[in-house]
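The sequence and model are shown below.

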Amino acid sequence: MAQANAILPKARGMYAKRLQPAQYEELMRRRTVPEVAAFLKKHPYYKDSFATLSPTDPHREQIEELLNSDIFYKYETLARYDYTPESFTDYFIIECEVHEILRVLRMLSAGVAGRYLKHLPPFLAGKIQFDLFALAEARSFNSVLEVLRRTPYYRVLYPRFLQDPFLKDYPATESAVIAYYYSAVFALAKKHLTGQEAKQVTNLFSQEAENYNINVILRAKTYFGKVYTAAQIRPMLLPYTYRISKQKLNELLEQTGTDGILALFREGMHNKNWAPGSMDEYDVISGRRLYHHAERLLHLTTSPSAAVAAFIFLVKMERDNVINVVEGVRYGLPPEKIRVLLRY
C-alpha cells in the first residue's frame with residue numbers, strides 16, 4: 001500500500017507537467033532548432049535534463065539523447081518508491097538494453113559500427129547486464145555476441161549469427177530481439193502481477209505489440225513487396241494480439257500490397273469508424289490510440305506497476321513528438337504539416 005501511495009501520485013504529478021497542446025503549438029511556430037531548444041531549456045519538465053544543451057548549435061541527435069536520459073531519470077525517480085527487490089517495472093531496464101543492442105547491430109549492418117561510441121548513453125553505464133563500452137568497441141556480429149555472452153541476449157542472437165553472420169538480413173535479427181523483449185515483459189507480468197493489475201498491463205503491451213505487427217506487414221508490403229513473401233514475414237511477427245485475431249493477421253499477410261491491406265481496414269477489420277488512407281496514417285493514428293489508452297490507465301489505475309508502465313509509454317511518445325517538431329522546424333515545415341505527425 002505504501003508503494004501505491006507513493007508511486008501513483010508521483011507518476012501522475014510528473015505527467016501533469018508535460019508539454020500541453022498549446023505549448024506544442026508554440027514549438028511548431030519556432031523558426032529554427034535553437035529556438036525550439038531554448039523553449040525546452042526553460043520548460044519546467046525539461047530544464048534539468050536540458051541544462052547542457054547548446055543554446056546556439058543544438059543537434060537533433062543531441063536533443064534525442066537528452067530526451068532518452070530524461071525518460072530514464074524519471075523512471076529511476078519512480079523506481080525509488082518500489083521497495084521490492086524484484087518487480088514488473090524491471091522491464092524498462094530490459095527495454096533499454098534492447099534499444100542499445102539494436103542500435104549497435106543496426107550500425108554494424110550499415111557499416112558504421114564505430115559511430116556508437118559517440119552516442120553511447122552514459123546514464124546506463126553500470127545499470128544493465130553488459131558493458132556498454134565493450135559493446136561500443138564491437139566491430140562484428142561475433143564480437144557483439146562475445147560482449148553479450150553471459151546474458152539472455154546471447155541465446156537469442158547466436159542462432160541469427162549462424163544464419164546471417166554479416167547481418168545482411170538485419171530486419172530478421174531485429175525481430176528476434178524484439179520478440180525476446182516482449183516475451184520477457186509478459187513473463188515478468190505473469191510472475192509479479194495478478195488480477196486486474198495483470199490485465200491492465202497485458203492489454204497495454206498487447207496493443208503496442210499489435211501495432212508493431214501491423215507496421216511490420218505494412219512496411220514489408222510497401223517497401224519490400226518483391227523481397228519478402230508472406231512466409232518470410234510471418235516469423236518476424238510477435239505472437240500477441242489485441243483487437244485483431246491471428247486469422248485476420250493472416251489475411252493481411254496474404255495481401256499483395258499496401259492497397260489490399262488498407263482495403264481490409266476499410267472493410268472494418270480494425271475499427272469500423274476508422275480506415276487509414278496510408279501506412280503513415282496508420283502509424284500516427286494507432287500511436288494516438290495507444291497514447292490515449294496509456295493516459296486513461298495512468299489516471300484510473302490503482303496499480304503502481306500499471307502506473308509506471310503507462311507513464312513510460314506516455315513520456316516515450318512525448319519524446320517522439322518533440323523529435324517530430326524538431327525535424328519539422330529544421331526542414332521548414334508549416335505547423336499544419338507537423339501537427340498531423342504528433343501523437344497526443
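G114 is partly exposed, with a relative accessible area of 40% (buried means under 20%, exposed over 50%, partly exposed in between, with a 1.4 Å probe and protein chains only). The model is predicted, so local features need pLDDT of at least 70 and side-chain atom pairs pLDDT 80 or more, whereas totals for chains, interfaces and linings use all residues. Residues are numbered from 1 along each chain as its sequence is written, and side-chain values use heavy atoms, without hydrogens and water.

| Residue | Relative accessible area | Class |
|---|---|---|
| G114 | 40% | partly exposed |
| H293 | 12% | buried |

G114 belongs to the loop between α5 (91-110) and α6 (116-119). Its C-alpha atom is separated by 30 Å from that of V36, 78 residues apart along the chain.

H293 is part of helix α15 (residues 279-300); helices are DSSP runs of H or I with at least four residues. Leaving aside residues up to four places away in sequence, H293 touches N203, L204, Q207 and Y242 (contact means heavy atoms within 4.5 Å). The side chains of H293 and Q207 make a polar contact at 2.4 Å, a term for a pair of N or O atoms within 3.5 Å, one able to donate a hydrogen and the other to accept it.

Helices α11 (residues 195-223) and α16 (residues 304-330) have axes that come within 8 Å and cross at roughly 25°. The two helices are therefore roughly parallel (angles under 35 degrees).

Technical notes
Axes fitted to C-alpha atoms, helices over the stretch in contact; angles between N-to-C directions. Parallel < 35°, antiparallel > 145°, perpendicular 65-115°, else oblique.
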